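Please keep the sequence and the model in view while reading.

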Amino acid sequence: MRNTAMKAQWTDFITLLKREVVPALGCTEPMSVALAAANCRKLLGETPTRISVWVSGNLFKNGMGVGVPGTGMIGLPVAAAVGITGGNPDAGLEVLKTLTPEQVEAAKALLPVIKVDVKDVPDVLYAEVLAEVEGHCARVVICTDHTRIILMEKDGEVLMEQASAPGVQIQPAKSAKPAMTLREIVDFALEVPLAEIDFIREAATMNQALADEGLQGYGLKIGKILTEQVERKLLSDDLMTLAMRLSSAASDARMDGAMLPAMSNSGSGNQGIAATMPVVAAARFLKASDEQLTRALVMSHLVAIYIKTYQNKLSALCAASTAAMGAGAAITWLLGGQYQQISHCINNMIGDVSGIICDGAGSACSMKVSTSTSAAVKSSLMAINNLHVPQSEGIVSDDVDQTIANLGRLSKEGMLDTDIEIINIMRAKQQKQ
């Protein structure tokens, strides 16, 4: 029998997975704006004639260049417009799931009365929508998490206000002892009863469907192009190429506004794709069993969540690269590696791709997803041969948990100025348009 503390931790891990690995339709930052707008429309009870949107710099960065599902258009004004005309205020990250062509046409008529600007707020994830019609107005604010509404107002009357985040911070920034470690995650993934984690298989089903759609050709068509080059014999039909093809195809479709949900991780569809599709590819290539795939997916997603807890929800560090570290850990295990090799793989990836910047969501995200995926496979192959970046180099430590903490420090503290400059460049570009 497992001791009580371990059983409690395993229950916490399952709860964490169910909370952080959820379906999301479209890029999650514009969906926050759409969700706020949909709730404004619900409060007003009629279509507004003026809509003002204020977002944090990071949400602006991740929302202005990405496709909005079902519209064929990009940007936060579009997200706000369709949120008003067709958003389901109770559907969370699937707010646009039932969007119709008629609602899209109605949204286009609203675009001239929508204004979007950046607001100086302490939260990196912040969306505020003010919808006005003659004699009435409604305001909704979302912050901290993509679906966390903290304020609802109608005609100046506060209907709901929430000052602090619900729940407990799973990885306190100042904590001397982490709430979890890599070893605990690996032990959980390999030992927990299969029936308790079988739900994670939905991530493979959902993101595979998105990859299949992406192979038809979306955005920059990275997945489709890689597949065509395999057929032309310019690329080999090997593990790395298969992982890159499936991962980038899913991201292609998602970033170009396909009307299919992604199974997200830590509030991001691309993170969910990067934590899922390389593992699916490896399991297929290696002919792994259903149980092996399930346990590998649990390991990947939980490692991705663990690494992300050291970082801000949005930052200048590409989160697809950190989510793919979870995939690398799982692939290492599928290749026969044990805990030591899994640690080596994560250290290898942090030594390799820790400098990829996030310069906003868009079609180029699929390139970063494919780059991170290839790094995951490469790092896994090194690790199972006991090759790893030594602790004498850069931010890598012999203790993999310390390496992960170092990466978080780099992201949260070291890249703040980088983030500011990226946002300034993007805002300057928008003003010239």
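In which sense do S2 and strand S5 pair, and over how many bridges? S2 and strand S5 (residues 114–118) pair in the parallel sense, over five bridges. Strands pair here if DSSP finds at least two bridges between them. Strands (E, at least two residues) and helices (H or I, at least four residues) are DSSP runs numbered from the N terminus.

The model is predicted: local features need pLDDT of at least 70 and side-chain atom pairs count only at pLDDT 80 or more, while totals for chains, interfaces and linings use all residues. Residues are numbered from 1 along each chain as its sequence is written, and side-chain values use heavy atoms, with hydrogens and water left out.

**Strand pairing**

**Nonpolar core**

A nonpolar core is a set of buried Ala, Val, Leu, Ile, Met, Phe, Trp, Tyr and Cys residues joined through side-chain atoms within 4.5 Å. Buried means under 20% relative accessible area, exposed over 50%, and partly exposed in between (1.4 Å probe, protein chains only). The largest core has 129 residues, and Val33, Val53 and Phe188 have the most contacts inside it. Helix H11 (residues 290–308) supplies the largest share of this core, eleven residues. Leaving aside residues up to four places away in sequence, Val33 touches Val53, Val55, Leu59, Leu76, Ala80, Ala127 and Val129; contact means heavy atoms within 4.5 Å.

**Salt bridges**

Side chains of opposite charge can pair when their charged atoms come close. A salt bridge is counted when a side-chain nitrogen of Lys or Arg is within 4 Å of a carboxyl oxygen of Asp or Glu. The whole structure holds 17 salt bridges. Among them are these:

| Pair | N to O distance |
|---|---|
| Glu128 and Arg139 | 2.9 Å |
| Glu153 and Arg139 | 3.1 Å |
| Asp145 and Lys313 | 3.3 Å |

Glu128 lies in strand S6 and Arg139 in strand S7 (residues 136–143), so their bridge ties together parts eleven residues apart in sequence. Glu128 is buried at 3% relative accessible area, and Arg139 is partly exposed at 22%. Arg139 also meets Glu153, which lies in strand S8 (residues 149–154), so this pair ties together parts 14 residues apart in sequence. Glu153 is buried, with a relative accessible area of 15%.

Asp145 is in the loop between S7 and S8, and Lys313 is in the loop between H11 and helix H12 (319–334), so the pair ties together parts that are 168 residues apart in sequence. Asp145 counts as partly exposed, at 31%. Salt bridges with shared partners join Arg19, Glu20, Asp145 and Lys313 into one network.

**Cysteines**

How many disulfides are there? The count is zero, where a disulfide is a pair of cysteine sulfur atoms within 2.5 Å. For Cys27, the nearest cysteine sulfur belongs to Cys365 and is 7.1 Å away. Cys27 is buried, at 2% relative accessibility. For Cys318, the nearest cysteine sulfur is that of Cys358, 6.4 Å away. Cys318 is buried too, at 7% relative accessibility.
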